[in-house]
Amino acid sequence: MPIKLLIADDHALLRQGIKNVLELESDLIVLGEAADGEEALTKTAELEPDILLLDINMPRMNGLEVARKLRDVKSKVKVIILTIHDDENYVIEVIKAGAVGYLLKDVEPGMLVNAIRTVYQGESFIYPTLAKQLLNEITRQEDKKHEAAKNLERRREERLTYREIEVLQLICKGMSNQTIAQTLYLSEKTVKNHLTNIFRKISVNDRTQAVLYALKNKIVELQ
């Protein structure tokens, strides 16, 4: 069976050009065209294409909104964005919106056809140069998250007072509350208060977790 397509773009000349390219392929058939976002939604529901070639900048409803609405109603159509925007941030947004393909409008006809067949088989397809940019952006965001997590750990450590760190060091040495109190010349009640504050600040529930956290994050080191 041929792959059924719907083309959504507000430029009639571009729609016709894409249609002419696709109809040269025996396994592709263009069911219809849409000139704006709302028409794209209506014709997708009526014609039930396998793939929707969708522009981002369209009147009445943009391509991102169309993709989100199709995702929300769990439409079976696979969305390939065909746009002029060569920004990885757009790629991230359309993927979040449910699209599985992203191509620039200057794409070679052969790549467009290949993308359609690839997406039809259940895979995704992103314009090669944008795929590299996207990977770099994802890596940058992951590095940013990692750094934020490290900063959070540092802030947790910084919130511990000098006395709390002393108590934590003695916990790591296996001392009881009574022994810690005697070592630091404190009452057991004061030691318990310090423990409560330590557990809260480093988000643990007991002494064992506190020891593991302290050693893992090198808040203290056993001699």
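Which residues are linked with D9 in a network of salt bridges? I began the entry with this point, keeping in mind that the model is predicted, and I found that D9, D55 and K105 are joined in such a network.

I then looked up the total, and the count of salt bridges comes to 14.

Next I turned to R117, whose salt bridge with E25 has its closest N and O atoms 2.9 Å apart. I noted that R117 lies in helix α5 (residues 109-120) while E25 lies in the loop between α1 (12-22) and β2, so the pair ties together parts that are 92 residues apart in sequence. R117 is partly exposed at 31% relative accessible area, and E25 is also partly exposed, with 26%.

For R60 and E38, I recorded a salt bridge in which the closest N and O atoms are 2.6 Å apart. R60 belongs to the loop between β3 (51-54) and α3 (63-72) and E38 to helix α2 (residues 37-47), so this pair ties together parts 22 residues apart in sequence.

Within helix α7 (residues 162-172) I looked at R163 and E166, which lie three residues apart, about one turn of the helix, and whose side chains meet in a salt bridge of 2.8 Å, N to O. R163 is partly exposed at 30% relative accessibility, whereas E166 is buried, at 18%.

Last, I checked the surface and noted a nonpolar patch of about 200 Å², made by I29, L31 and L47.

Notes:
Residues numbered from 1 in each chain as written. Predicted model: local features only at pLDDT ≥ 70, side-chain atom pairs only at ≥ 80, totals over all residues. Heavy atoms only, no water. Patch = residues over 30% accessible without salt bridge, like charges linked within 9 Å, V, L, I, M, F, W, Y side chains within 5 Å. Areas by Shrake-Rupley, 256 points an atom, 1.4 Å probe, with all protein chains shown as cover. Salt bridge = Lys/Arg side-chain N within 4 Å of Asp/Glu carboxyl O. Helix = DSSP H or I, 4+ residues; strand = E, 2+ residues; numbered from the N terminus. Buried < 20%, exposed > 50% of the residue type's maximum accessible area, 1.4 Å probe, protein only.
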